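Subject: Structure handover

Hello,

Here is the structure you asked about, with the sequence. My notes on the sheet and the salt bridges follow below.

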Amino acid sequence: MSSGTDIAYAAGILRGGGLVAFPTETVYGLGADASSPAAVARIFAVKGRPTAHPLIVHLASAAQLDTWAASPGPEAHALAAAFWPGPLTLITRRAPHVIDDVTGGAATVGLRVPSHPMAQALLAAFGGGIAAPSANRFGAVSPTTAAHVQADLGGDVDYILDGGECDVGVESTIVDVSGDVPAMLRPGGITREQLEAVLGRRLGAATATPAPGTLASHYATRARVIAVSAAELAAAVDEAAAVQADGVAVLAPRAVLAGRHFPAGVAIAVLSDDPAAMAHELYAALRALDGGGVATIVAALPPDTGIGAAVADRLRRAAGPRDDEDDHG
Ligand code: TXA
Ligand code: MG
């Protein structure tokens, strides 16, 4: 049995130190018992991820914030109350029991309460915290279906909980609340506008040291990605197709593609115009293009507002300079 919907079986695997891939509302996670160094070590081994890259601990409810964070302040509580369960990760100072294996030795820990019913059921059945990065291997974008997980990690996962397609489709927003001013480290399912409305002030700038996984080339496809504004799309496609039209694909929302003609041989992948729908479709579209043997993807960036900011961020990172030392996710 490698994939299914058996929550009790999945919780038993976690208790035994095994790995369970599970759906969240953002992307699938590769979960292990967050209190077990051996289980957490298996996550790093399977993903091929450097152990200094910290993992998010998934919790059953906001009531557990005080158990895993060391004296979280009023703003941490306000954000947790407003957005948990949901696609928000809070970076807090860690409680003393949080193991180094999860935090990469950092004084902080990433915490999140996912809203997906199957993630909720798994957390309730397991009882403890579940450490989980996105359930993709080196070099792939995050999985948004159980089939993506199977393709990336297959037999290296003890069980895959199949909860269908992830609703949001891009990773959680990460907000660092461990300092004086909350700062957004990664745009995601909860928008800047939503966060600032709850905080009643602007988010601070991210600190000088970027979180691992916010490195430029982190959301990688096999194909080369060129990310441009809608206005620059036609010229960028022409330029890519001038070298060789076969193997070039355009990835853009329907409205941007309307009435445009591209050179013969260029493939077209259509995304929805609504930014939330675009986020939902993005990773499956990138995977499909990669699977189809496309060599160059010319992608149109949505405006940097709302959840469009997360889509634009992932496309820019996919287009970023490739660094073979990087773990891509
Ligand atoms: O939506 C999500 O966040 C998904 C689902 C599975 O919850 N998880 C996810 O995990 O995207 P991962 O490991 O692929 O990305 C987590 C990011 C990494 O960039 C990591 O460096 C950052 O969170 N992170 C975790 N703990 C941190 C900490 N203590 N300080 C700074 N960054 C941290
Ligand atoms: Mg990841």
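How many salt bridges does the structure hold? The count is 12. Please keep in mind that this is a predicted model, and every value here is computed from it.

Salt bridges

One of them joins Glu 25 and Arg 112, whose side chains come to 2.8 Å, N to O. Where do the two residues sit in the chain? Glu 25 is in the loop between E2 and E3, while Arg 112 belongs to strand E6, so the pair links distant parts of the chain, 87 residues apart.

Glu 196 takes part in two of the contacts I looked at. With Arg 192 it forms a salt bridge in which the closest N and O atoms are 3.4 Å apart. Both residues lie in helix H8 (residues 192–199), and because they are 4 residues apart there, about one helical turn separates them. Glu 196 also forms a salt bridge with Arg 202, with the closest N and O atoms 3.3 Å apart. The exposure of these residues is as follows:

- Glu 196 is buried, at 14% relative accessible area.
- Arg 192 is partly exposed, at 35%.
- Arg 202 is exposed, at 62%.

Elsewhere, Glu 171, Asp 313, Arg 314 and Arg 317 are joined into one network by salt bridges that share partners.

The sheet

The sheet is open and is formed by 10 strands with mixed pairing. Read across, the order is E1-E8-E2-E3-E7-E4-E6-E5-E9-E10. Which strands stand at the edges? They are E1 (3–4) and E10 (183–186); each has a single partner strand, so one side of each is left without a neighbour in the sheet.

Within the sheet, strand E5 (residues 88–93) pairs with strand E6 (residues 108–112) in the antiparallel sense, over 4 bridges. In this pairing, Ile 91 stands opposite Gly 110 of E6. Strand E6 is also where Arg 112, the partner of Glu 25, is found.

Regards

Technical notes
Residues are numbered from 1 along each chain as its sequence is written. Chains are lettered from A and ligands numbered from 1 in the order in which they are written. This is a predicted model: local features need pLDDT of at least 70, side-chain atom pairs count only at pLDDT 80 or more; totals for chains, interfaces and linings use all residues. Side-chain values use heavy atoms; hydrogens and water are left out. Two strands pair if DSSP finds at least two bridges between them. A salt bridge is a side-chain nitrogen of Lys or Arg within 4 Å of a carboxyl oxygen of Asp or Glu. Buried means under 20% relative accessible area, exposed over 50%, partly exposed in between (1.4 Å probe, protein chains only).
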